[in-house]
Amino acid sequence: MTYSITGLPVEPFQPLFGLPDGELAKRNVVRMTADAPVGYPCRVLLEDARPGDTLLLLNHEYQPAATPYQGRHAIFVNERATAPKSFLDEVPEVLTVRKAISVRAFDEAGMMLDADVVPGAEVEGLILRLLENPQAAYLHAHNAGRGCFAARIDRA
């Protein structure tokens with residue numbers, strides 16, 4: 001089974017890059033500086049920020065479907081992001097190093113079909129299992145601990 005994992009488009013976030021903290025606060029956005037090599041996962045680059053990188057913590061609608069599963073949550077975007085990274089038949093380290101990842105399968109209408117939680121190191125097996133369902137149009141990965149949207153997985 002071939003799949004792809006691609007970061008979020010950077011364009012919606014670029015107007016926020018470099019804004020003063022006061023302006024960000026008016027938009028409910030917080031600038032943070034990474035102080036550890038793991039713990040600040042950028043949703044565009046699909047990698048943890050390096051210590052010293054600045055990131056924006058903001059609310060993002062990751063599931064716009066007009067269903068009960070419509071959803072928003074906080075995400076990080078690294079201010080050095082210029083383009084989304086893509087992975088073909090490969091799970092980025094930002095997912096595999098996590099303690100636990102929840103992966104949810106959705107149909108074309110945005111209704112959840114199945115879901116499970118595994119240690120990050122086992123996430124590829126779960127992705128492949130969920131994509132065996134021919135009704136699964138796409139998957140969403142979330143950090144199980146805080147519930148943050150991590151990535152979208154599509155058939156490739």
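**Reading a sheet and its aromatic pairs**

Q: How many bridges join strand β10 and strand β11, and in which sense do they pair?
A: Helices (H or I, at least four residues) and strands (E, at least two) are DSSP runs, numbered from the N terminus, and two strands pair if DSSP finds at least two bridges between them. Here β10 (residues 138–143) and β11 (residues 149–155) pair in the antiparallel sense over five bridges. The bridge partner of H140 is R152 in β11. This is a predicted model, in which local features need pLDDT of at least 70, side-chain atom pairs count only at pLDDT 80 or more, and totals for chains, interfaces and linings use all residues. Residues are numbered from 1 along each chain as its sequence is written, and side-chain values use heavy atoms, with hydrogens and water left out.

Q: What is the order of the strands in the open sheet?
A: The six strands run β7-β1-β11-β10-β8-β9, with antiparallel pairing. Because β7 (86–88) and β9 (112–118) stand at the edges with a single partner strand each, one side of each has no neighbour in the sheet. From one strand to the next, the twist averages 20°.

Q: Which strands does helix α3 lie across?
A: Axes are lines fitted to C-alpha atoms, for helices over the stretch in contact (heavy atoms within 4.5 Å), and angles run from 0 to 180 degrees between N-to-C directions. Helix α3 (residues 123–131) lies across β1 (3–6), β8 (101–106), β9, β10 and β11, and runs at about 165° to β9.

Q: How many aromatic pairs are there?
A: Rings of Phe, Tyr and Trp (its six-membered ring) pair if their centres lie within 6.5 Å; planes under 30 degrees apart count as stacked, over 60 as edge-to-face and the rest as tilted. The count comes to four aromatic pairs. One of them, Y40 with F76, is tilted, at 5.5 Å centre to centre and 55° between the planes. Y40 lies in the loop between β2 (30–33) and β3 and F76 in strand β6 (residues 71–78), so this pair ties together parts 36 residues apart in sequence.

Q: Is the pair of F106 and Y138 stacked or tilted?
A: F106 and Y138 are stacked, at 5.3 Å centre to centre with 15° between the planes. F106 belongs to β8 and Y138 to β10, so the pair ties together parts 32 residues apart in sequence. Ring pairs link Y69, F106 and Y138 into a cluster.
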